[in-house]
Amino acid sequence: MFEWTGDEYAMFSEHFNGIFSGYMAILSFVYQTTTIHASVVTDHRETLNGDKLVLRGLKFHGYHGVKPEEKKLGQKFLIDVDAWMDLQVAGNSDNLSDTISYTAIYRIVKEVVEGASHNLLESVAQLIASTILSKYHQLSAVRVQVGKPHVAVQGSLDYLGVEITRYRSSVDMQS
């Protein structure tokens, strides 16, 4: 059985307390950071759980991609959009002026996808999202999914693409 001398115990105790204090400081920092981050995520989740306008399966021909043939021949793109806003007033009033017309959002998507060529789908999605949020201040967030159904990939697939979510606060900061 091992027995500590007074000096050994004091040295170990001092060393252990230093390590323990450092460990507790790290835990405290991680807890505070996680708590702050969790509250931000919670705020966005609440936004995304609310009312929204839904546009699904929009199809357009565009000239986006990094390959020369994509820019020359173009291809079909599939777009989905979710736009979060409070729909209670429109639900109660039954007036179009209390909401945002689906066709107005559709036109923005059409103009972007059928408009100027972009190399990346990320850029197409970003332009759609930022244009929608900039034009309609009633929206708190927008989710845009851009898919390419015809890609040079061996194997069966419906499409490949990107999905982004942008919040009113991120657009306001960019302005």
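## Legends for close-up views of a predicted model

**View 1. Leu-53 in strand 1.** Leu-53 lies in strand 1, which covers residues 52–62. This and the other views show a predicted model. Is Leu-53 buried or exposed? Leu-53 counts as buried because its relative accessible area is 3%, and the cut-off for buried is under 20%. Setting aside neighbours within four places in sequence, Leu-53 contacts Val-81, Asp-82, Ala-83, Met-85, Leu-87, Thr-99, Ile-100, Tyr-102 and Ile-105. One of these contacts, Asp-82, is 29 residues from Leu-53 along the chain, and the two C-alpha atoms are separated by 5.7 Å.

**View 2. Ser-101 in the loop between helix 3 and helix 4.** The loop that holds Ser-101 runs between helix 3 (88–93) and helix 4 (102–113). Ser-101 has a relative accessible area of 23%, so this residue is partly exposed; that class lies between the buried limit of 20% and the exposed limit of 50%.

**View 3. Asp-94 in the loop between helix 3 and helix 4.** Asp-94 is placed in the loop between helix 3 and helix 4. Its relative accessibility is 70%, and therefore Asp-94 counts as exposed, for which the value must be over 50%. What is the phi of Asp-94 near? Phi is near 60°, a positive value, and the residue is not glycine.

**View 4. Pro-149 between strand 3 and strand 4.** Pro-149 sits in the loop between strand 3 (141–148) and strand 4. Pro-149 counts as buried because its relative accessibility is 14%, which is under 20%. Which residues does Pro-149 touch, not counting those up to four places away in sequence? They are Lys-76, Phe-77, Leu-78, Leu-157, Asp-158 and Tyr-159. Gly-161 is 12 residues from Pro-149 in sequence, and the C-alpha atoms of the two are 8.5 Å apart in space.

**View 5. The largest pocket.** The space in the largest pocket is about 320 Å³. Helix 2 (68–73), helix 5 (121–135) and strand 4 (160–167) each give two or more residues to its lining. The lining has 19 residues, and those nearest the centre of the pocket are Gly-65, Glu-70, Gln-75, Lys-148 and Val-151. How many residues of each class line the largest pocket? There are 7 nonpolar, 7 polar and 5 charged residues in the lining.

View 6. For the protein chain, the mean pLDDT is 82, and 70% of the residues reach 70 or more. Where pLDDT is low, predicted coordinates should not be read in detail.

**View 7. The chain behind the close-ups.** The protein chain contains 6 helices and 4 strands. In sequence order, these elements follow the pattern α-β-α-β-α-α-α-β-β-α. Of its 175 residues, 30% count as buried; Leu-53 is a buried residue, and so is Pro-149. Among contacts between residues at least 6 apart in sequence, 64% join residues at least 24 apart. The accessible surface of the chain is about 11600 Å², and carbon and sulfur atoms account for 57% of that surface.

Terms used
Residues are numbered from 1 along each chain as its sequence is written. This is a predicted model: local features need pLDDT of at least 70, side-chain atom pairs count only at pLDDT 80 or more; totals for chains, interfaces and linings use all residues. Side-chain values use heavy atoms; hydrogens and water are left out. Buried means under 20% relative accessible area, exposed over 50%, partly exposed in between (1.4 Å probe, protein chains only). pLDDT is the predictor's confidence in each residue, from 0 to 100. On a 1 Å grid over the protein atoms alone, a cavity is a set of points where a 1.4 Å probe fits but cannot get out, and a pocket is an open set with protein on both sides within 12 Å along at least five of seven lines; lining residues have an atom within 4 Å of a point. Grid points are joined across faces, edges and corners, and a volume is the space filled by probe spheres set on the points. Ala, Val, Leu, Ile, Met, Phe, Trp, Tyr, Cys and Pro count as nonpolar, Asp, Glu, Lys and Arg as charged, and the others, Gly among them, as polar. Contact means heavy atoms within 4.5 Å. Accessible areas come from the Shrake-Rupley method with a 1.4 Å probe; for residues, only the protein chains shown count as cover.
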